[in-house]
Amino acid sequence: MASDADFVQYVADQCAGAGEIVVKKMFGDYGVYCDGKIFGLVCDDHFYVKPTEAGRAVLRKVDMRPPYDGAKDYFFIDDVDDHEYLSLLVRETCRQLPEPKPKNKKKK
């Protein structure tokens, strides 16, 4: 089951205090990026955040679940209505994620 576009946009809006939030459709669901770093997924109308120690310290409760069959566990975020909480979680998570790899420029 794919995610509802309105829910995906809502999650992105709720995380917007962390930086530039972009969502990209991936395999029927969505990757969520902050300032170029992928930090989360929206799968089947559920929000998941990559696990980091900084993110774990912010979480109100730790609930680890795979976002899709065969995936590693992510933090499952059931409260997407608190803008400040999500922004802090995303900021802290992204602080510990590696910088995105530079894209190769195509030669003409």
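Visitor: In which strand is His 46 found?

Guide: His 46 is found in strand E4. Strands here are DSSP runs of E with at least two residues, helices are runs of H or I with at least four, and both are numbered from the N terminus. The model is predicted, so local features need pLDDT of at least 70 and side-chain atom pairs count only at pLDDT 80 or more, while totals for chains, interfaces and linings use all residues. Residues are numbered from 1 along each chain as its sequence is written, and side-chain values use heavy atoms, with hydrogens and water left out.

Visitor: Why is His 46 called partly exposed?

Guide: Buried means under 20% relative accessible area, exposed means over 50%, and partly exposed is in between (1.4 Å probe, protein chains only). His 46 has 34% relative accessibility, so it counts as partly exposed.

Visitor: What is His 46 in contact with, leaving aside its neighbours within four places in sequence?

Guide: Contact means heavy atoms within 4.5 Å. With those neighbours set aside, His 46 touches Phe 7, Leu 41 and Phe 76. In the pairing of strands, His 46 in E4 stands opposite Cys 43.

Visitor: What makes the pair of His 46 and Asp 44 a polar contact?

Guide: A polar contact is a pair of N or O atoms within 3.5 Å; within protein, one must be able to donate a hydrogen and the other to accept it, and residues adjacent in sequence count only if both atoms are side-chain atoms. A polar side-chain atom of His 46 lies 2.9 Å from the backbone oxygen of Asp 44. A further case is at the start of H1, where a side-chain oxygen of Asp 4 comes within 3.1 Å of the backbone nitrogen of Asp 6.

Visitor: How many bridges join E2 and E3?

Guide: E2 and E3 pair over five bridges in the antiparallel sense. Tyr 33 stands opposite Ile 38 in E3. Their hairpin has two residues between the strands, and Asp 35 takes a positive phi near 50° there.

Visitor: What makes E1 and E5 the edges of the sheet?

Guide: The open sheet has six strands in the order E1-E2-E3-E4-E6-E5, with antiparallel pairing. E1 and E5 (64-65) each have a single partner strand, so one side of each has no neighbour in the sheet. H3 lies across E1, E2, E3, E4 and E6, running at about 130° to E3; the angle is taken from 0 to 180 degrees between N-to-C directions of lines fitted to C-alpha atoms, for helices over the stretch in contact.

Visitor: Why is E3 described as largely enclosed?

Guide: Six of its seven residues are buried, so the rest of the structure largely encloses E3. Lys 37 lies in this strand and is buried, because its relative accessible area is 10%. A polar atom of the Lys 37 side chain lies 2.8 Å from the backbone oxygen of Cys 94.

Visitor: How do you know which way the buried residues of H1 face?

Guide: The buried residues in H1 are Val 8, Val 11, Ala 12, Gln 14 and Cys 15. They cover an arc of only 165° around the axis, so they are on the same side of H1; the arc is that of the directions from the helix axis to the C-beta atoms. The buried residues of H1 pack against E1, E2, E3, E4 and H3.

Visitor: What is the largest nonpolar core made of?

Guide: A nonpolar core is a set of buried Ala, Val, Leu, Ile, Met, Phe, Trp, Tyr and Cys residues joined through side-chain atoms within 4.5 Å. The largest one has 24 residues, and those with the most contacts inside it are Cys 15, Ile 21, Phe 39, Phe 47, Ile 77 and Val 90. Elements giving two or more residues to this core include helix H1 (5-15) and helix H3 (83-96). H3 supplies the largest share, five residues. Apart from this core lies another, of five residues, among them Leu 41, Cys 43, Tyr 48 and Phe 76.

Technical notes
Two strands pair if DSSP finds at least two bridges between them.
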